[in-house]
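Could you have a look at this one with me? I've jotted down some points to go through while you turn the model around.

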Amino acid sequence: MKNRWNDKDAKTTVNRLSRNVQPDIALRLYAAHLIGRESDLVLHGGGNVSVKCDERDAFGDDVPAIRVKASGTNMATLVPSDMPALNLASLARFRKLDALSDADMVSAFRTSQFDGDAPLPSIETMLHAFLPHRYVDHSHADAVLALTNQPDPASLIREALGDRVAVIPYVRPGFELAKAAAKALEAMPNADGLILLQHGLVTFGEDARTSFDRHIEIVTACEELLADRCADRKLTVSFACDESPEALAITAAPILRGLLAENTNDEDRPRQPSILEWRATDGIMAFVNSQEAEKLAPTPALTGDHLLHTKPWPLFVPHPAWRDDDELKRQLESAVTSFRKQYEAYVVRHGRSAECLDTAPRVVLLPGAGAFCWGPSKRLARVTADIHEHTLAAKTAAHLAGSYQGLSEEHLYDMEFRDLQRRKLGGLHSKPLAGQVVMISGGAGAIGVAVADCCAAAGAHVALADLDEPRLRHAVETLEARHGEGIALAIHMDVTNETSVRDGYDTVVCHFGGVDIVVPNAGIAHVSPIEALSLEDFRRVLDVNAVGYLLFMREGIRILKEQGLGGHIIISASKNVFGPGKDFGAYSASKAAGHQLGKVAAIELAPFGVRVNMINADAVFGDEENPSGLWETVGPDRAKSRNLEAKDLPDYYRQRNLLKARVLGRHVGNAVVFFASNATPTTGATLPVDGGVVEAFPR
Ligand code: ZN
């Protein structure tokens with residue numbers, strides 16, 4: 001591993017932070033950033049670091065203190081407020097105790113903190129406090145884990161590192177580990193570091209550079225031994241397939257998404273789906289297609305820290321029947337069912353009820369198709385995927401260098417269900433559309449963006465399909481800035497082209513795993529009296545508004561049925577369906593066709609739990625940021641038909657409704673969220689969003 005310490009960069013960090021923190025702390029942050037950027041050392045909030053330095057108390061006295069990384073924060077982006085300060089003497093006193101519960105340990109942290117509002121420090125705070133050195137660095141380095149997760153790790157570690165490190169058998173992270181680490185160091189006071197079996201590496205030093213250098217040197221020595229041991233050895237290829245991993249993933253993802261959805265106790269929302277991150281890197285494909293995968297994949301996770309995101313083991317399905325869809329479905333169903341049973345038995349064995357517990361695998365490995373990693377959001381699914389990608393590489397290295405052996409089941413359970421760990425996940429699935437994927441055509445337009453915005457605010461992930469790529473890019477950036485990284489996806493799509501629509505849905509399936517809420521919305525208009533309406537213009541409008549709705553619905557229905565989770569089609573129709581206006585024949589006829597398709601779909605899809613409803617909005621003009629393309633095109637002609645100036649149109653429409661309301665995109669978005677959240681058992685209905693137009697009342 002390359003040592004990326006650079007004195008110039010270190011100095012820049014010290015200067016940049018000089019107003020906020022002392023140089024010792026700034027250097028602590030600099031070294032933590034270097035560790036955080038090495039994905040072979042730590043991933044997503046893993047690992048922790050500390051520095052001991054004085055802190056000024058309320059009396060103006062300088063008191064010996066320790067600053068430790070806050071629990072769950074990311075090392076690569078650590079800022080001073082992520083390093084809460086604690087009174088060192090008060091923590092050191094705890095070493096006298098024989099045992100300390102997690103709850104008491106948290107109280108000890110809270111009563112030792114200088115700032116009561118600071119975040120909770122790492123679970124390993126006591127370890128950092130009990131070690132005498134000024135700087136302490138802790139990681140879960142892949143190379144260290146590949147050597148420690150072996151039947152006889154001590155001899156391998158000695159071979160790699162001689163007597164440079166003390167070796168500590170697996171102890172529960174937290175207070176027990178802190179005591180064991182302090183004792184091991186007292187027995188070997190000249191050690192440069194501690195190897196924690198099935199857990200990771202701790203190094204220390206009187207200055208930031210020494211502790212960091214030792215960390216990199218030790219990891220490098222482990223990497224070199226592994227490279228030496230693995231030289232000329234490779235996994236044995238045992239699976240080959242003509243189809244691309246992507247084509248296979250498109251087949252498998254919606255089936256898996258349906259099988260993995262959890263049952264809830266909510267009759268209005270009986271199943272809770274997850275979001276997919278699918279990966280098929282060279283490393284993953286070499287693993288899943290290997291002869292060794294069947295035995296090596298279901299072995300336990302590398303370290304307890306990973307369990308929250310990956311569960312103790314993944315689901316590996318050998319020999320998928322890619323050529324036979326029905327057989328593939330049966331195989332996947334039976335594999336998921338036995339995983340759930342095995343997982344339930346594991347939690348029950350350790351005294352917990354499996355009721356109300358999510359029992360589905362987080363990672364499904366399929367030969368030919370790669371790794372399907374699932375989470376409550378795209379961001380968390382990516383965390384699972386990153387961790388598992390490293391897990392597969394480390395398990396491979398461990399296997400080629402010797403024989404992989406993970407944590408015992410008892411320790412796995414302890415870390416997976418420990419309150420201190422689980423609180424890192426925070427409240428999941430609390431919003432009405434959490435875990436749902438919404439697909440919107442005309443997604444970059446005024447109504448499309450507003451619908452996406454409302455659905456994302458309700459917890460959904462959104463896929464925006466549109467022809468206008470610059471507007472799509474802008475919409476995705478805006479939505480992600482508002483609602484979080486990974487929640488939106490841009491899809492270039494021509495709704496009148498079958499291949500384009502099919503490809504668009506395939507992209508969503510690979511990206512999010514499936515679709516739950518389909519919103520046909522892309523529309524165009526043309527102003528002309530019927531006697532002057534050219535066939536070309538009529539067909540052009542019909543092609544987008546009627547054929548486009550058909551294709552967009554049809555491909556969506558295919559996926560909804562594959563998943564078997566019910567779902568929604570919510571058609572953006574128009575006030576014109578019930579209340580047409582003159583010179584608007586092409587638009588009104590095409591919108592009526594889309595509306596009627598919705599009613600028929602409601603009848604056809606009810607047996608599958610799919611609800612179909614229509615929204616009749618009137619005159620949504622958009623705003624400065626998101627003007628309506630449709631109104632920009634037809635506004636002047638529409639104004640002429642009504643003997644008005646184009647600028648007076650919004651007010652004209654406002655004045656003609658009962659409530660004198662301005663109809664906005666977000667009102668349509670609210671209606672979509674209302675239907676999609678199953679608030680009422682409704683299908684085949686039309687909801688006007690028009691301020692009240694008497695001639696367009698549904699009847
Ligand atoms: Zn750790």
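Here are my notes, point by point.

1. Some ground rules. This is a predicted model, where local features need pLDDT of at least 70, side-chain atom pairs count only at pLDDT 80 or more, and totals for chains, interfaces and linings use all residues. Residues are numbered from 1 along each chain as its sequence is written, and side-chain values use heavy atoms, with hydrogens and water left out.

2. Start with the seven-stranded sheet. The strands (DSSP runs of E, at least two residues, numbered from the N terminus) sit in the order β16-β15-β14-β17-β18-β19-β20, in an open sheet with parallel pairing. Two strands pair if DSSP finds at least two bridges between them. At the edges you'll find β16 (488–492) and β20 (686–689), each pairing on one side only. From one strand to the next, the twist averages 20°.

3. Zoom in on one pair there. β15 (residues 461–466) runs parallel to β16, and five bridges link the two. For instance, A463 has L489 of β16 as its bridge partner.

4. Now the four-stranded sheet. This open sheet has the order β10-β13-β12-β11, and its pairing is mixed. Its edge strands are β10 (275–279) and β11 (315–316).

5. Next, two helices (DSSP runs of H or I, at least four residues). How do α7 and α9 pack? Helix α7 (residues 153–161) meets helix α9 (residues 208–230) at about 110°, with the axes 9 Å apart. Axes are lines fitted to C-alpha atoms, for helices over the stretch in contact, and angles run from 0 to 180 degrees between N-to-C directions. So α7 is roughly perpendicular to α9 (that label covers 65 to 115 degrees).

6. Who touches whom? The contact (heavy atoms within 4.5 Å) involves L156, E159, A160 and L161 of α7, and I218, A221, C222, L225 and R229 of α9. Seven of these residues are nonpolar, none polar and two charged. Here Ala, Val, Leu, Ile, Met, Phe, Trp, Tyr, Cys and Pro count as nonpolar, Asp, Glu, Lys and Arg as charged, and the others, Gly among them, as polar.

7. Last, the second largest cavity. Helix α15 (residues 378–401) supplies the largest share, four residues.

How values were computed
Angles under 35 degrees count as roughly parallel, over 145 as roughly antiparallel, 65 to 115 as roughly perpendicular and the rest as oblique.
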